[in-house]
Amino acid sequence: MGQREKLHSGEIYFPNDEEIMREQTQCLEKLYDYNQTRPLQMDRREALLREMFAQIGQACYIEPPLHANFGGKHVHFGHHVYANFNLTLVDDTHIYVGDYTMIGPNVTIATAAHPLLPELRERGLQYNMPVHIGRCCWIGAGSIILPGVRIGDGTVIGAGSIVTRDIPSGVVAVGNPCRVMREIGERDRAYYFKDRKIPWQEIEGLGFST
């Protein structure tokens, strides 16, 4: 198995392999173009994302600057995914993000890691593990999601959390390391912030479509 084939296998490999570096540089050229777009060039941004990403659904928006090891080549976004500025995607292998997920500013989603043994790091070796983020999640500002993590549908990751292990669906999880604080429940259907009630009648009157 060549070094290029090991990107998605979880095996240790040499990331500075000539073939890998050539492909990566081509991806970064498109990423550079994306980050140079002006705010009114929405059509240009959308077209570039469709070239750059492995998969990107309808009505996705990523605020520049975007940082990505492979320019999004191994990233799969569902529909209506929103990402605020300074999203960092260490996409040496696959990253999956479900529909309607929101990503706050300065979030890092990493798939690449390095061996703990110093002799292996000295040789520049690494390995990659995919990340899966479910549907309708909210990843708070400044969060870091580490290689191999899975986050279930509807979950909220609190700002500044470092997610080192899997997080189930339908919970609020916070901290370093990130831990489940509570389930999302009936009170969350009544209040959106502290004692502020959700104006359901007004919201339904706005006629949102999904």
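Reader: Two strands pair if DSSP finds at least two bridges between them, so on that basis, which order does the open sheet of five strands have?

Author: The order in this open sheet is β3-β6-β9-β14-β17, and the pairing is parallel. Helices (H or I, at least four residues) and strands (E, at least two) are DSSP runs, numbered from the N terminus. This is a predicted model, in which local features need pLDDT of at least 70 and side-chain atom pairs count only at pLDDT 80 or more, while totals for chains, interfaces and linings use all residues. Residues are numbered from 1 along each chain as its sequence is written, and side-chain values use heavy atoms, with hydrogens and water left out.

Reader: And which strands stand at the edges of that sheet?

Author: Those are β3 (66–68) and β17 (162–163), and because each has a single partner strand, one side of each is left without a neighbour in the sheet.

Reader: How many bridges join β3 to β6, and what is the partner of A68?

Author: Three bridges join β3 and β6, running parallel, and A68 is bridged to L89 in β6. On to β9 (residues 108–110), where β6 (residues 87–90) again pairs in the parallel sense over three bridges; there T88 has T108 as its bridge partner, and V90 is placed opposite A110.

Reader: What about the hairpin of β18 and β19, where is the positive phi?

Author: Four residues lie between the strands of that hairpin, and G175 takes the positive phi, near 105°. P177 is in the loop between β18 and β19 too, and the peptide bond from N176 to P177 is cis, with omega near 0°. Another cis bond, with omega near 0°, runs from P64 to P65, and P65 is placed in the loop between β2 (61–62) and β3.

Reader: Is T101 buried or exposed?

Author: T101 counts as buried because its relative accessibility is 0%, where buried means under 20% relative accessible area, exposed over 50%, and partly exposed in between (1.4 Å probe, protein chains only). T101 belongs to the loop between β7 (95–97) and β8 (102–103).

Reader: Which backbone nitrogens does the side chain of T101 reach?

Author: The T101 side chain reaches the backbone nitrogen of C136 at 3.3 Å, and a polar atom of that side chain lies 3.0 Å from the backbone nitrogen of C137.

Reader: Now the largest nonpolar core: which residues touch the most other members?

Author: They are F53, F77, I109 and I151, out of 35 residues. A nonpolar core is a set of buried Ala, Val, Leu, Ile, Met, Phe, Trp, Tyr and Cys residues joined through side-chain atoms within 4.5 Å. The elements that each supply at least two residues of this core include α1 (18–35), β3 and β18, and α2 gives the most, with three residues.

Technical notes
Two strands pair if DSSP finds at least two bridges between them. A polar contact is a pair of N or O atoms within 3.5 Å; within protein, one must be able to donate a hydrogen and the other to accept it, and residues adjacent in sequence count only if both atoms are side-chain atoms.
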